[in-house]
Amino acid sequence: MELESILLPGVEAQRPLIIAGPCSAETPEQVLDTAKQLAGKGIKIFRAGIWKPRTKPGGFEGVGVEGLSWLKQVKKETGMYVATEVATPQHVYECLKAGIDMLWVGARTTANPFAVQEIADALKGVDIPILLKNPVNPDLELWIGELERIYNAGLKRLGVIHRGFSSYDKKLYRNLPQWHIPIELRRRIPNLPIICDPSHIGGKRELIASISQQAMDLGFDGLIVESHCNPDAAWSDASQQITPEVLEYILGLLVIRNEKQSTESLSELRKQIDECDNSLMEILAKRMRVAREIGLFKKEHNMTVLQAGRYNEILDKYAEQAIQCELEPEFIKKVFEAIHEESVRQQVEIINK
Ligand code: PEP
Ligand code: MN
């Protein structure tokens with residue numbers, strides 16, 4: 001993809017590019033108050049949702065077209081660029097008419113090729129920066145496909161927003177980061193700006209700092225953070241919004257490392273990692289060979305593949321050992337679950353041969 005490197009003129013190319021503002025535009029006062037505070041802290045791009053796709057009916061679905069004039073006011077009074085979410089061609093026309101500077105496509109919309117194609121058609125011949133959020137499901141090909149739809153419509157100022165992926169069992173995160181997906185996207189389309197949305201990944205304000213730092217450590221280009229003048233009273237996503245003061249504090253704590261710096265000692269350490277990975281491969285291959293032999297034995301003795309007691313024993317034993325090895329028991333459980341699953345699959349194959 002041949003992309004323009006500058007999304008918006010005058011916004012520094014240095015990392016991180018920051019977009020901030022409330023989840024939703026609620027009232028003219030809330031929008032203006034938040035925007036002025038953010039502008040005072042040096043934020044150059046203001047976000048606010050006007051049309052809000054909600055998981056269930058009855059939630060706050062946004063103020064609609066009326067809010068666009070509030071964003072215009074923000075531009076006039078603060079000089080900030082303004083950005084909002086579009087989900088239909090109608091939204092696109094309204095935004096273009098109102099002079100909105102940047103658009104983004106939300107995760108629920110990106111999951112739908114028909115919707116994205118309609119947005120792409122509405123944008124044909126228009127030069128406006130647009131950011132595509134990842135689809136709610138962890139499907140990199142779909143994400144890239146949607147990007148191609150917009151690119152094929154002639155838009156060159158493109159970027160993506162990594163906002164995490166839905167999962168059935170929510171634990172720490174609202175949306176699992178699955179960092180390997182944006183990392184693979186970076187490998188496939190190196191010149192595409194990737195912006196992290198720690199607010200929607202974490203779902204809680206306490207997580208914003210650490211997720212933002214991780215995104216910077218992975219070489220992401222920017223952050224889009226939900227910020228509200230009175231977060232607890234927000235009409236949507238209250239628990240993940242932060243005041244402009246807290247945002248400034250969090251940004252001040254960020255350590256921005258130069259990803260291109262490669263020192264001698266780093267390459268030495270990388271060699272060690274490569275050696276470890278090679279050993280892991282060898283040991284995994286050996287373990288699977290033994291598992292297949294066990295499969296043959298079970299077949300000859302007419303035994304079932306799954307011996308539940310034995311598996312639980314293994315899991316418990318290594319979860320306990322993990323602590324002594326300074327490893328996270330949950331991580332070790334996941335590793336052994338994956339290994340066990342593959343052993344079982346190979347044994348089933350042998351038994352059914
Ligand atoms: C948002 O940015 O407020 C939003 C609705 O996000 P997402 O599409 O990532 O859920
Ligand atoms: Mn939100």
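This is a predicted model: local features need pLDDT of at least 70, side-chain atom pairs count only at pLDDT 80 or more; totals for chains, interfaces and linings use all residues.
How do the residues of the shell around ligand 1 divide into nonpolar, polar and charged? I started my notebook with that one, and I got three nonpolar, two polar and seven charged.

**Entry 1: around ligand 1**

I listed who surrounds ligand 1, and the names include Cys23, Glu85, Trp104, Gly106 and Arg163. Arg47, Ala107 and Lys133 are in that list too, and I looked at each of these for contacts. In Arg47, a side-chain N or O atom sits 2.8 Å from an oxygen atom of ligand 1. Lys133 also uses its side chain, with an N or O atom 2.7 Å from a ligand oxygen. For Ala107 I had to look at the backbone, where an N or O atom is 2.8 Å from an oxygen of ligand 1. Then I checked how covered the ligand is: alone, ligand 1 exposes 290 Å², and the protein buries 98% of that.

**Entry 2: the manganese ion**

Which residues coordinate the manganese ion (ligand 2)? I wrote down Cys23 through SG, His200 through NE2, Glu226 through OE and Asp237 through OD, at 2.1 to 2.4 Å. Along the sequence, the spacing of these donors reads C-x176-H-x25-E-x10-D. His200 belongs to helix α8 (residues 198-202), while Asp237 is in the loop between β8 (222-226) and α10 (244-253), so to speak a link between distant parts of the chain, 37 residues apart. Cys23, His200 and Glu226 turned up in my ligand 1 entry as well, as part of its surroundings.

Are His200 and Asp237 buried or exposed? Both are buried. For Asp237 I checked the number: its relative accessibility is 14%, so it counts as buried, with the cut-off for that being under 20%.

Most residues other than glycine have a negative phi, and most peptide bonds are trans. I went looking for exceptions.

Asp237 came up again: its phi is positive, about 50°, and it isn't a glycine. Asn302 is another non-glycine with a positive phi, near 55°. I found Asn302 in the loop between α11 (264-300) and α12 (308-324). At 75% relative accessibility, Asn302 counts as exposed, whereas Asp237 is buried.

For peptide bonds, I noted that the one from Arg15 to Pro16 is cis, with omega near -15°. Pro16 is in the segment before β1 (17-21).

**Entry 3: strand β6**

Why is strand β6 (residues 158-162) largely enclosed by the rest of the structure? Five of its five residues are buried, so there's my reason. I also checked which way they point: Leu158, Val160 and His162 go one way, and Gly159 and Ile161 go the other. Both sets are buried.

Next I looked for a partner strand. β5 (residues 130-133) runs parallel to β6, and four bridges join the two. One pairing I wrote down is Ile130 with Leu158 of β6. Lys133, from my ligand 1 contacts, falls within the residue range of β5.

**Entry 4: Leu296 and Ile351**

Last stop was helix α11, where Leu296 is found. How many residues apart along the chain are Leu296 and Ile351? I noted 55, with their C-alpha atoms separated by 6.9 Å. Leu296 has 42% relative accessibility, so it counts as partly exposed.

Conventions
Residues are numbered from 1 along each chain as its sequence is written. Chains are lettered from A and ligands numbered from 1 in the order in which they are written. Side-chain values use heavy atoms; hydrogens and water are left out. A residue is near a molecule or strand if one of its heavy atoms lies within 4 Å of it. A polar contact is a pair of N or O atoms within 3.5 Å; within protein, one must be able to donate a hydrogen and the other to accept it, and residues adjacent in sequence count only if both atoms are side-chain atoms. Accessible areas come from the Shrake-Rupley method with a 1.4 Å probe; for residues, only the protein chains shown count as cover. Ala, Val, Leu, Ile, Met, Phe, Trp, Tyr, Cys and Pro count as nonpolar, Asp, Glu, Lys and Arg as charged, and the others, Gly among them, as polar. Donors are N, O and S atoms within 2.8 Å of the metal (3.2 Å for Na, K and Ca); water is not among the atoms, so sites may look incomplete. Buried means under 20% relative accessible area, exposed over 50%, partly exposed in between (1.4 Å probe, protein chains only). Two strands pair if DSSP finds at least two bridges between them.
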